[in-house]
Each structure stands twice: as structure tokens, then as C-alpha cells.
Amino acid sequence: MRSLTKPTTAVLAASAVAIGLLSACSGASPEAPETSPDDTTSTTDEATSDTPQDVTLRVVSLLPGSDQAAFDAFDERVTQFEALYPHIDVEAEEYEWKATTFAAQLAGGTLPDVYEIPFTDAKTLIENGQLADVDAQFHDLPYSGDFNEALLEAGKGPDGHVYAIPAKSIYGVALHYNRALFDAAGLDPDDPPTTWAEVRSAAKQIKDATGVAGYAQMAADNTGGWQLTSATYTRGGRTQVAEADGTYTATLTNPGTKAALEFLKALRWEDDSLYADATLNWGTVNEKFAAGQIGMYTSGSDVYTALAESFGVTPDSSGLKVADYGLTAIPNEGADSGVLVGGTLAAVNIRADDAVKDAAIKWIDFFYLQPHLDEGPAVENAQVRFDNGQPVGTPVLPIFSREQYETSLGWIEQFINVPLENMTGYTDVMFDQPVVGEPSASTQEIYALLDVPVQAVMTDQNADIDALLEQAQTQAQSLLDEG
Amino acid sequence: MTTTQTSTMQTTTAAPAGAARPLARRRAAAMDTLRGVLSIADWRRRSVRTGMGFVHVLLLLVLVVIGLGPILLLGKFAITPTQDILRAPLEVFPNGIAWDNLHKAWFDVQISRYFLNTVLIAAGAWASQILVAATGGYVLSVLRPRYAKALQWMVLATLFVPGVVLLVPLYLTILDPPILGTSLLNTFWAVWLPAGASAFNVVLMARFFDNLPREIFEAARVDGAGPFRLFWSVVLPMSKPILGVVSVFAVIASWKDFLWPLLVLTKPDLQPLSVRLPSLQATTDLGVLMAALAISTLIPILFFLVFQRMFLRGAGLGGAIKG
Amino acid sequence: MTTDQGLVPTRRRRRTPVDWIREGGLSTLLFALPLIVIFGVFSWLPIGRALIMSFQETNLVVTSWVGLDNFRSVLADPNLPTALRNTGYFALLALIFGYPIPLVGAVLMSEVRRMKGVYSVLAYLPVVVPPVVAVLLWKFLYDPRPEGVFNQMLGWVGLGPMPWLQSATWAMPSLVIEATWAAAGGTVIIYLAALLGVPPELYDAAEVDGASIWRKVWHVTLPQLRGVLLITFILQIIGTAQVFLEPYLFTGGGPANATLTILLLIYRYAFGQSLGADYGEATALSLLLAIFLAVMSLVYFRLTRAWSSS
């Protein structure tokens, strides 16, 4: 396992400098005790009324198998945090949110104290009483009122208490493309497709000219349903409607979903431009894209961070190079079309006691939120990542406000090493796109259901789309009715 | 998870009708005790010799291609650069050899650690199984207390329960074991302890002990040996063959085990190869992944080649189950 | 019954605990302890628990009794017929591919005069390869692109590239081929061992009757192997009914649930839903499967007892 307990002298030196920076900046978080690194024995403690007891905090780090450099960057941040809060001992674990294993971990109580969950799961976990109520600790944060309300809602229980905090990767689904393949196919990388028809013809051109699949679709582990829902939104459809009486109705047979499936069918069987693997999930489609085997695909707008951290996209990799990465807005067509947004919340394990909860909030504040709010932490975080060759500056949707986001980008401008100039297709419109949240009821289960039509269309030339959607509709409705 | 047993083959068949035959001919035929279907006379015929020879060569070819082929391919992929694996998998190193893959697999992907886990898990599972099967068989077969019959039936009953039924409740038992109070999840004990509950092993041992000559036990008892002495100094030394068989089964079963470790060892640090390798698929370069797979296969294969006889003897007695 | 420990003469009066210890009861118990504890905690207890849980609804946070509800919803699950069909399909294909071939192989191998060891080793080698390695390797070999290894080989004989795992029709056969490759060697060795146990006198007697090679196989070899053949048949059925690894690793049950098996469905109930894991339904389905297999085995042994006169 990546060594967490043996910081090298270089890391220690770096963190000393960083801590110096932090204490020098007046914008240090009020949550941090007013001690400097050489004053750890201070007995005056303004943050809490009694000496904080020693706490071990288990947190999540990165995807299993990520680059060593990414882990090094993370370890540095941990060291900085521990220097700030000497009574907290952080233990980090690799973590991948997979619908299939999360349940076992949750039931087994082996989830860390602070872990990450997608927006879609928060409500259910709260209802099941599986998340700790961190409302009190949350409201102690001075900026608790500055959050984007819509995002905060995702982590609130029916009692209005906060159980999970918007933490990172607030994304809108966007279109990712391989600029080198565009070049090779005779397409202009600075003029990516803006309608689905253009996507289709670009995919075909890439396939014909280079033999590489022009487009790919995730289809397994609930990601098929996730992307199908996103594709539905972009065509003006919705997969679910909330009724006035609090119940939900599934609307899977809407024209948008059908059009999305027919699009896939055409790409697969008429154009032969679809990457022919119906077992792709979020991770493996990234892997194939990073290996240069895919021309375009849709996924969260912030996927670049993962591509660089965990899937081997570097300035000189043999597959996709940094300069070849392109990001543009997902095509939006028709009235009511919107972009699916989601994100990751930080949750605290239900078994955490108050001391652990306190420590957890401090960690969430330090690691996830501070870099957005204060220049000092922002620079520190960016510096660490930059020094370890990790991506800085990937476009994400703001947790707080647009102004805050743009200000924070200004602070770290010198560290930004992602090819922003290749992402203008998305960044130019990201705040103006109409956004639609993920469906709120039985989300993951309906995503799982929808994996089936997606896989069927990709593997069976004669798949009957109407029948598949009818079947999914019936099953989805019964899920909504019971839950 | 559990293996089931084949009973020793005692079925007989009414032999094809045979009236009195010329004694000399029968005697000559009976002298060839090593024969199979074909007799010496059969082998003398040219057509049989060439026919069988041809068939055997064909069989050997098929076995090499099918049995050895994929393994050799794996070895080749292990040292081929990823792009070559993807573009020209069957060509012979068009762009040179990537010894790097092996280095990366061992150090970056840290196959060594998962390999160690696999070995530790196998060792503990082996110990657990030997302990339970040997002592259990001893009680059922030699000591035979009053409750032996009941015990035997209860053990046999578990043979008929497919592993699937145990999956969920065993998982919950691991989360909250009786007496202990702390969860065994993410400890090797969660794999070691349940491994011992193999009715197959117990029955094998008990049967074997049944066939040991009782006179030796009597003699030892007369000499004043208590049950412990009897077990340790008399029964066990005579049981080396069956211990070998059970050991081989135990190690192979543990090495292959996938679903159970997947459930109870969620911390990557503790996972054996079988659990860890699939989760590394997406984030690992294909060439390096192949190298990792190859390294994982090397030891079982070497182990097998060295202990061939024991493997094959043991495998012949027990059952090999698909799925 | 009397114990085998004839050290102590039987007494007329009631046995006391001291007697019991003196008779060696304590040491016997000590010997039995590993068996009792391990089986008790990790076999009998879970079985009992499974029975109970199938009548409960729980996700570890909240538990309640729901009677036969779990069984009802399991039987009503539209995925169940699919899983049943797929599992049956796998078992059937596995039987067709994997049952006769090892037998033929074993018979041929038993006639080998020299280098018998080499044949056995080659046949058993795939069995030794860890299943996860085999599946991941074969997943790559099954690459549906024309450059895929198997597709290239098909190209050598003029056949077009096959979709293998990417087609609802071919996914299951692909799984069966790999599963057979991995397990056939074990069956071959079993048959080989049994073949060696055929008394040579029977062949002698048959030859004296003028039997040809083929008749010898038919009338001597196969009947002698009857016991083994019957056992391996039922064991194979029981084993393939519980297939999990191949569908899980190769296709995750796809494409479009074409390789969803019963075990995979149980796994999904218990561990596959990110929230609200349904252990009750999982155990209910496990029990149904167990009962089915038990009944089937009983019927099988009844039937086959009529055939083999043991």
C-alpha cells in the first residue's frame, strides 16, 4: 500500500513551506487552531473548550491503482492537515464507488469515517439511517450559508438536517473527444460536433479514416442507465416525473430515450462506429479512451482529473496525450433539453462518535472545501498537485457561487496545467446550459434496469427498442411504487 | 466453496457371459496385467499400432495446443508492449520485448504483496482444514464416542447443502461472530476459519482411518498409549498419503477461491491475487496486467510440476467440479 | 453403544463425570472440539440462519419478519425465469462439451504406452491455472475486433470475426468453452484413475469371447466406469447450477442479462444493490436452489440405483 507514514524529507520541507504560507495568509480557516507548526505543545486552544482528544480518522484517498505521483500528492495534503490538527491521525484508503461493492462495505461497517457518495445515493442512505447527522458541525463552518442551495439539498434529510456535504466533482455531462483522432480523420479539432447528427457523422469519419471506434458508450454497472438518462435529457425527455402527491411516475417510453437508443443502434449496426464492448463502465471506458481506442464519449465534465491521475494520460503517453484531450458541451436539442448534473458528497459514517465527527468535518473542510474559499489553501493545494504532476484546474461546476469559483481559479492560475484551451467548447457555455438533476427516486436501481436496453441495442442487431423500453418502464414503475 | 466427494467405485457388473475356455489361452492373456482395453494380441496387429499411434500423436497435439496454448500466449503477452498486444497479438515481437512489464507488475502493481497474501491465506486455510479433518476423522473413526453417529450425520448433511446457501448468513456471521464480539471482516481469519468446515475432507479422513488395521491401535493401547499418543505417534504417521491428498486439495481450493475473499477482504492490502487482479484491470496498462497475470500463474504451475504425482493421485480420488 | 476404549470394565452403577473423564471422554471431546466449533459456527449456524433470514427482511439496519414475502417476490422477479433459463443453458452446454470429451480423452490416454505422464500433465495444466487469471486472459482472447486472437485464428480457416462476449447469443457458449477448458482436465484424471481400476481379467474374458476393440470398450470399460460416470454427472450438474465466477468476471451478467445465472442473481440481491441490500431475498432464493438440487439428487440416486447393481 502506498506509504503514508514515511514522509520523505522533501515532503516535510514542502509542507513546512506550505504551512508557513498558510499561517502567513490571514485567510486561514477559523476552524484551524491558531497554532503554528513549532507550537504544537501549546496548551491554549481556542477552537474547542477542552483539549481535543486524539482521534484516528479514516478517509478515502484515490482510485485503486492510481499513479504513485497522485498518491504522493495526496499524502502531502494529509501531512499538511495533520500538521494543522496534531490530534488527528489520518489513515487513508483507496476507494472506488461501485454500486456492487458499496452495499457490502456499508453493511460490513468497513467504510471509512469520511467517504464519498454520489448525489443519487444520499437520500436513500439518509432514509435508511446510514449517514451520520452532521448538521451541528456543519453549521459551525463560517461559510455554511454560502453553498449553492440546490447542491446542499442533495445531502439534506427530510428533517432539513445536513447529512452529507457537497464535496467535489460537481459535473455536467459533457462530450470528450480525442483531438489527435480528429486530426487524423480530417476533422477540425477546434470545431467539435454540436448536434447529435454531427456526432454521428464525425464518429463515422473517424472510423472510416483511422479504423478506431469513433464513439463509445458505457453500458455496465449502472453507468449505461446513467448515460442513457443523460442522453434523454439532452433530447428533451425525462425518465421520471414527480407527482404532486409525492409519488413518482416512470416515463421511460418517452421519445428522447427512444431516440437515444436508436442513435446507438445506428452507430453500432449501420455505421459500425461504436466501440463494440457492452461491458464498459465508468472506469473501463476511461481506460480505453486514455489508450487512444475511442474517438468520443460522454461522461462527467471533470473526468479529465481521473484520466490524468489514474488512467495514464500524460504529456507523452503512448495513448492519449494531454494535448490531445478535447472537451466540449454535450449536444442539446429540442425544447426542454438539459444537461444532467451530479456530483460527489462527502458523508460521515453513522458509527462515528462526536470526536470523530468533529475531525471528519475538519478534514472535509480542509481537503475538499478550503481550496475553493481561501487563497492560501487554494494555492497550497494547487502547489502540491502541480509539484506532483497532477492536474490542476479541471473545469467543475461551482459548489458555492460562480463568482467564488472564478475567483478561486484566479488564485491558482499559475498552477493550471490542464489544456483549458482545448476545453473551450464546454467552458464557454458551462454556466449557461440548462441543468437537470439526476432523477430522485430509486435512481441507482432504475439505472441498473436501463443498462439492459443499452446492452441489448449494442449487441443485438434486431433489438426491439419499444419492447425493451416497455419492459423497463413496467419494472421501473413497480420499483417506484414500492419504494 | 465446498467440494463434494465421489464414493469409491465399488460397482461391479455382470461380466460378459463366459463358459469354459481353453485354459492355456486364458493363462497367456491373464499374464498381461498391465493392459488396458487393448491386449498384447491387439497391439501386434499393424493396423492397431499405426491407428493408435496416429490417434496418440493427434491427442498430444490437441493437448499441447489447447492445454498449453493459452498459457504460452499469456507468457508471450507478459513481455509484449501493450500496443503490440492490441494490434498484433499473434505476431512474434514485431517491436521488441518489453521486459519492463514484469518489472512494473512486480513493483508498481505490487504483485508481490498480493502474492504473499495468497500464500498466507492458503497456508492458514490448509492448517485449518488439516486440523479439523484429522481430529474430526479421528474422533469419528477411532475414538467413536456415543455421539459419533450424530456428529457424522450432521457433517454429512452439510455435503448436500450447496455453498450458495451459506454465502449471506456466513457473511453476517463473520460480521458478528458469536463469543468473539468483534467483526472478523478484513482479517485473514474470515477466510481461514470457514475453510475448515469441509465435510469432504472429514469423510475422506474418516474413511481412511477406517481402513487402518485395528490391531495396531490395540497394540498401542496395550502399550499404554492414551488417545493423544495414539493420534500423534500412530495414526498420523500412517496417514501420510491421505494427508497429502487433503493438503493438495486444500491448497488448490484456496488458490482458486474468489467469491468468498471478494466479500470479506475489502481492503486492497489484504486481498489475494484472485480478488485484486480484476479490480486493477481498468487502471493498469494491458501489458503490465498480462505480466501480473503471468506471475500469478507461475507459482501454481511450478508447484504442480514439482508435486505432479501427488496432485494427480489426489485428483483421481476426488471430484473435479465445474463452476 | 460401547466405546472402543476397552480399558475400563463396564460398571453396574451409574457413570459419573469422573468415570467419563477416566474413560477418556474429555480427551475425546477435545479432539472433537475443532470439528464441532468450526462446523458449528461456520456451517450449521449459517444454515440455520439462512432458514430464518429467508423469512425476514433486513438490510442490517432494520429487521422484520415478513413470512413468505421473500419467496413470493423472488418467484415473481422477472429476472428469475431469465436466470433459470441461462443457468440451465450453461449446464446443458457444459454437459455436452464437458462430459463426453474427457471420457474419450481418458480412454485414449489410458492406452498410451510411453510418456503417459506428459499427457496427464498437459491435460491437468489448465486446472491449475487460477480461475481469475484464466478468465481475464480469455476475456482478452475473446476480443470481438478482427485483431482479437480467436478472431484471427478463425480468419485462418476463413471464418468471419465473431462477437463472442458481445453477443447475447454467443456470450454463454463462450463462457462454457472457457469453463470447460479450465475443468476438463480434472475430469480426465478422475476417469483415468478409474480406468486403471478396471480388472484386466474382464478384458481377457471378453477377448476370449471374440470381442472387437469397440465391443470391449462398450461392454467392459463403460459398465465398469458406470459408478464414476454417474457420480461425475450429478456432480457436474450440481456444480454448474452454481456457476458464478465466469458470468461475474466475463460479462457481469450481460449483455442484457444473457449470462445472468441464479448465483449471480443471488449475489445481486445481497451485494449488488448499492443500497437496501436484500439479504432476505438472497437467502430465500438460495434455499429454493438448495431444495431443488437436493430433490433432484434424490431422484437421480433413486433412478440410477436401478441401473447399477451395487
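Student: How many residues of domain 1 of chain A are in contact with domain 2 of chain A?
Tutor: In this predicted model, 24 residues of domain 1 of chain A are in contact with 24 residues of domain 2 of chain A. Contact here means that the C-beta atoms of two residues, placed from the backbone, lie within 7 Å.

Student: Which helices supply at least two residues of that side of domain 1 of chain A?
Tutor: Helix 3 (99-108) and helix 4 (119-127) of chain A each do. Helix 4 of chain A gives the largest share, four residues. Helices (H or I, at least four residues) and strands (E, at least two) are DSSP runs, numbered from the N terminus.

Student: And how do the residues on that side divide into nonpolar, polar and charged?
Tutor: There are 12 nonpolar, seven polar and five charged. Ala, Val, Leu, Ile, Met, Phe, Trp, Tyr, Cys and Pro count as nonpolar, Asp, Glu, Lys and Arg as charged, and the others, Gly among them, as polar.

Student: Where do the two domains of chain A run?
Tutor: Domain 1 covers 9-169 + 344-420, and domain 2 covers 171-340 + 425-482. The bounds come from an automatic or database domain assignment.

Student: Numbering and cut-offs?
Tutor: Residues are numbered from 1 along each chain as its sequence is written, and chains are lettered from A and ligands numbered from 1 in the order in which they are written. As the model is predicted, local features need pLDDT of at least 70 and side-chain atom pairs count only at pLDDT 80 or more, while totals for chains, interfaces and linings use all residues.

Student: Strand 4 of chain A next. Mostly covered or mostly open?
Tutor: Mostly covered: 14 of the 15 residues in strand 4 (residues 164-178) of chain A are buried (20 or more other C-beta atoms within 10 Å of a residue's own, C-beta atoms being placed from the backbone).

Student: How many bridges join strand 4 of chain A to strand 10 of chain A?
Tutor: Six, in the antiparallel sense, with strand 10 at residues 339-348 of chain A. Strands pair if DSSP finds at least two bridges between them. A:Ile165 stands opposite A:Ala346 of strand 10.

Student: What about strand 8 of chain A?
Tutor: Strand 8 (residues 294-300) of chain A runs antiparallel to strand 4 of chain A, with five bridges. There A:Val173 is opposite A:Gly300.

Student: Which residue is the bridge partner of A:Asn178 in strand 9 of chain A?
Tutor: A:Tyr325. Strand 9 (residues 325-329) of chain A also pairs with strand 4 of chain A in the antiparallel sense, over five bridges.

Note on methods. Buried ≥ 20, exposed ≤ 12 C-beta atoms within 10 Å, placed from the backbone.
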